[in-house]
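Take a walk through this protein with me.

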Amino acid sequence: MAAKIETRLHVEAHIEKGTAVGLDHAGAHFLRSVLRLKPGAMLAVFNGQDGEWLARIDGIGKGWCSLEVIELRRLPEPEPDLWLVFAPIKRARLDFVAEKAVELGCSLLQPVFTRYTDVSRVNSERLAANAREAAEQCERMSLPVVRDVVALDELMAGWPLERRILLCAESGAAQPIAEVLQDIRAGDGDAGREPWAVMTGPEGGFTKGELDALTKLPFVTPVGLGPRILRADTAAVSALACWQAVLGDWEKRPADRAGA
C-alpha cells in the first residue's frame, strides 16, 4: 500500500535519497503545531532543481524538524517563462491574484505603481508567503520570483526587449485576446516557449498617456478581455488562463504521481 502523504512542502535545501533535510522554524511549526504530525509521518518535499521526493519525519520538536529523504516521486518539469505585471490592489484581492497567478504557472510576480493605483505599499514578504503556499497546494515544482513594487516608467526603462507583453487594455480598439493569441500561435508555433508577460492595470485602468506609451513599444500587444468591465483581479486571472490555454502548457496531461 502506498504511503499516506500528509502534506507537501517546498524546501530550499538539496534533496537526495538517504539524506537528512532540516526544516526552518515556520515549516517545523506547521508540521508540529498545525498538522500535529509525529515522527514517522510521511510528506512530500520539493524544489525546482531536485524535483519532488517522499520524506519521513525523523525527529521533530519546538522550532525544528528533521526529515529523512526516502525516494523520488517526480523529476523537475519545464514550466512556461510567464510573468505577471500587475497594479497592486487591496489586500484580500491582492492575495487572490498572487495565489491564482501561481496556480496558472507564472514564473515571476511584479507589482507596479501606475497613475491610478490606490495602494501605496505592497508587502512583498506576504506575497511570497502566499505564492509558496499556493505552489505547495497546486503540485507545481518551482516557486515564482516575487519582486518589490516599482513605478511603471522605471519598470519599462529596464524591460528586457526579448520579453513580449500581452497588455490588457481597456481600449475598444484592442482585438479580443483569444483572436490575438491564436494568430500568434499560427504565425509561430514556438511562441509559448518564448519569454512573455501579462500586464494588467489598477481598478481605475491605465491612463491614456500610459496606454499610448505602452502600445508604441514594439514588444507590447494590446488585447481586449470582452464586453464586460472586469475587476483588476478578474482581468489578471482571465488573461493568464487565456495565455495558458493557447500558448501555454494546458495541453499537457497531468503527470503520473507515484504514491499519490
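Where is the place of Glu139? Glu139 sits in the loop between helix 3 and strand 8. Helices here are DSSP runs of H or I with at least four residues, strands are runs of E with at least two, and both are numbered from the N terminus. This is a predicted model, in which local features need pLDDT of at least 70, side-chain atom pairs count only at pLDDT 80 or more, and totals for chains, interfaces and linings use all residues. Residues are numbered from 1 along each chain as its sequence is written, and side-chain values use heavy atoms, with hydrogens and water left out.

Stay with Glu139. Its phi is positive, about 75°, although Glu139 is not a glycine. Most residues other than glycine have a negative phi. Glu139 counts as partly exposed because its relative accessibility is 27%. The classes are buried (under 20% relative accessible area), exposed (over 50%) and partly exposed (in between), with a 1.4 Å probe and protein chains only.

Now look at the partners of Glu139. A salt bridge is a side-chain nitrogen of Lys or Arg within 4 Å of a carboxyl oxygen of Asp or Glu. Side chains of opposite charge can pair when their charged atoms come close. Glu139 meets Arg8 in such a bridge, at 3.6 Å from N to O. Arg8 lies in strand 1 and Glu139 in the loop between helix 3 (124-138) and strand 8 (145-146), so this pair ties together parts 131 residues apart in sequence. Glu139 also bridges to Arg74, at 3.5 Å from N to O. That pair links distant parts of the chain, with Arg74 in strand 5 and Glu139 in its loop, 65 residues apart. Arg74 counts as buried because its relative accessibility is 4%.

Follow Arg8 next. Its side chain meets that of Glu52 in a salt bridge, at 2.5 Å from N to O. Glu52 is in strand 4 (residues 51-61) and Arg8 in strand 1 (residues 5-10), so the bridge ties together parts 44 residues apart in sequence. Are these two residues buried or exposed? Glu52 counts as buried, at 0% relative accessibility. Arg8 is buried too, at 7%. The pairs belong to a network of salt bridges that links Arg8, Glu52, Arg73, Arg74, Glu77 and Glu139. The whole structure holds 18 salt bridges.

Glu136 lies in helix 3. Glu136 is buried because its relative accessible area is 15%. Leaving aside neighbours within four places in sequence, Glu136 is in contact (heavy atoms within 4.5 Å) with Arg8, Leu9, His10 and Phe46.

Turn to the surface. Which residues gather in a patch of positive charge? They are Arg32, Arg36, Lys38 and Lys62. A patch takes residues with over 30% relative accessible area and no salt bridge, joining like charges within 9 Å and nonpolar side chains (Val, Leu, Ile, Met, Phe, Trp, Tyr) within 5 Å. Lys and Arg count as positive and Asp and Glu as negative, while His and the chain ends are not counted. A charge is placed at NZ of Lys, CZ of Arg, CG of Asp or CD of Glu.

Arg32 lies in helix 1 (residues 25-34). Arg32 is partly exposed, with a relative accessible area of 38%. Arg36 is found in the loop between helix 1 and strand 3 (42-47). Arg36 counts as exposed, at 63% relative accessibility. Phi of Arg36 is near 55°, a positive value in a residue other than glycine.

From Arg32, step across to Trp64. Their C-alpha atoms are separated by 9.0 Å, though the two residues are 32 apart along the chain. Trp64 is found in strand 5 (residues 64-74). Trp64 counts as partly exposed, at 43% relative accessibility. Residues up to four places away aside, Trp64 touches Ala28 and Gly59.

Finally, zoom out. The protein has seven helices and 13 strands. Its C-alpha atoms fill a box of roughly 60 × 40 × 30 Å, taken along the principal axes. Buried residues make up 46% of the 260 residues. Among contacts with a separation of 6 or more, 75% join residues 24 or more positions apart. The protein has 31 positive and 37 negative side chains, and the centres of the two sets lie 6 Å apart.

Methods: Areas by Shrake-Rupley, 256 points an atom, 1.4 Å probe, with all protein chains shown as cover.
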